[in-house]
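This briefing concerns the predicted model shown below.

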Amino acid sequence: MQPLRGTDDDKLDALLREYAKACPDRDPSANFMPNLWGRIEARQRQVFSFRRMANTLATAALALSIALGVYMALPHASQANPGQSYIEALAEANALDAPDIVGPVHLEPAAEPAQ
Amino acid sequence: MLVDFELIKRAQQGDSAAFNEIVLAYRKRIMGQITRLIARPEDVEDVAQEVFLRLYFSLDQLREEKVFEPWLYRLTVNAAFDYLRKLRRRQEFRMSDLSEQQVMMADAVAGGRADQDEQHHKKVREAVDSLLGSVSEADRILLMLKEVEGLSLKELEKIYKVNENALKVRLFRARQRVLKAFGAGAGKHG
């Protein structure tokens, strides 16, 4: 061991040398390999379940998209007559007797032109 | 290299026996490195297993034989870094509070008065651990690799993929911070 003399730099170097000696290479315990394989298998299971979940979600999303596509493609009872023009459909939807759209109309008689 | 590339290739193809052989060849070395990086013998196996776990799941990315060891070193450094980061979240290191006992120990260590028993080693580890609390986990690991593991700047360059000058600057600053903490601790307690 180096004697403690000199600057803080020297002291720190000596301490670090001593530290290296205090942390030698060490032998693993008997459980090292079984525990390692246990962790590997646990991670594999995790990855597998995540993949399975992702696949299930992707399949469900695809099925939902197809179902929505079919639903949108089918004619519905409430749907306007496909032969109607836009103006016809609008007129039908906003009938003249609808009070919130068309109110009473008051027509003032036109003034008699001066003779 | 402690293993040949054929063995690595077999492990890449899913041969568990080949992977076992790689672990058996490297585990003692890796555990030694981790012991010096984290200074906590009780957690070394756990971190070493994490290194080999990461190795197992990333082995298929390895293409060249010559990069295997630097790459394994990088996995070790990253696992140690993650461990230290988690540890720091749990407890605060404060060099300014370096205990009198630790300062005396540091002096005693360098002065050659202490015995080489486990108790002594434990105190040395604690003293260095406290000192390194004055720098970030990344700098701590860098300092350990350079000052304790004795890696050259070229080797560090391969591990960190950072140029030599940047590493020199970072090492210098980290060492200055540790020295400052060392001086402060020693001054505070005598």
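What percentage of the contacts in chain B with a separation of 6 or more is accounted for by residues 24 or more positions apart? In this predicted model, such residues account for 66% of those contacts. Chain B has nine helices and zero strands, while chain A has three helices and zero strands. The two chains are in contact through 29 residues from chain A and 33 residues from chain B.

**Chain A**

- The order of elements along the sequence of chain A is α-α-α.
- Chain A has 115 residues, of which 9% are buried.
- The mean pLDDT of chain A is 79, and a value of 70 or more is reached by 70% of its residues.
- Among the elements of chain A, the highest mean pLDDT, 91, belongs to helix H2 (residues 32–73) of chain A, and the lowest, 77, to helix H3 (residues 86–93) of chain A.

**Chain B**

- Along its sequence, chain B reads α-α-α-α-α-α-α-α-α.
- Buried residues make up 35% of the 190 residues of chain B.

**Contact between the chains**

- Chain A contributes 29 residues to the contact and chain B contributes 33 residues.
- On the side of chain A that touches chain B, helix H1 (8–22) and H2 of chain A each supply at least two residues.
- H1(A) gives the most to that side of chain A, with 11 residues.
- Sorted by class, the side of chain A that touches chain B comprises 17 nonpolar, three polar and nine charged residues.

**Nonpolar core**

- In soluble globular proteins, nonpolar side chains tend to be buried together.
- The largest nonpolar core here has 50 residues, and those with the most contacts inside it are Ile34(B), Ile38(B), Val47(B), Ala48(B), Ala80(B), Val128(B) and Val178(B).
- Two or more residues of this core come from each of H1 of chain A and, in chain B, helix H2 (16–38), helix H3 (44–58), helix H4 (68–90), helix H6 (118–131), helix H7 (137–148), helix H8 (153–160) and helix H9 (164–188).
- H2(B) gives the most to this core, with nine residues.
- Leaving aside residues up to four places away in sequence, Val178(B) touches Leu12(A) from chain A, and from chain B it touches Leu131(B), Leu132(B), Ser134(B), Val135(B) and Leu143(B).

Notes:
Residues numbered from 1 in each chain as written. Chains lettered and ligands numbered in written order. Predicted model: local features only at pLDDT ≥ 70, side-chain atom pairs only at ≥ 80, totals over all residues. pLDDT = per-residue confidence, 0-100. Helix = DSSP H or I, 4+ residues; strand = E, 2+ residues; numbered from the N terminus. Contact = placed C-beta atoms within 7 Å. Nonpolar A, V, L, I, M, F, W, Y, C, P; charged D, E, K, R; others polar. Buried ≥ 20, exposed ≤ 12 C-beta atoms within 10 Å, placed from the backbone. Core = buried A, V, L, I, M, F, W, Y, C linked by C-beta atoms within 7 Å.
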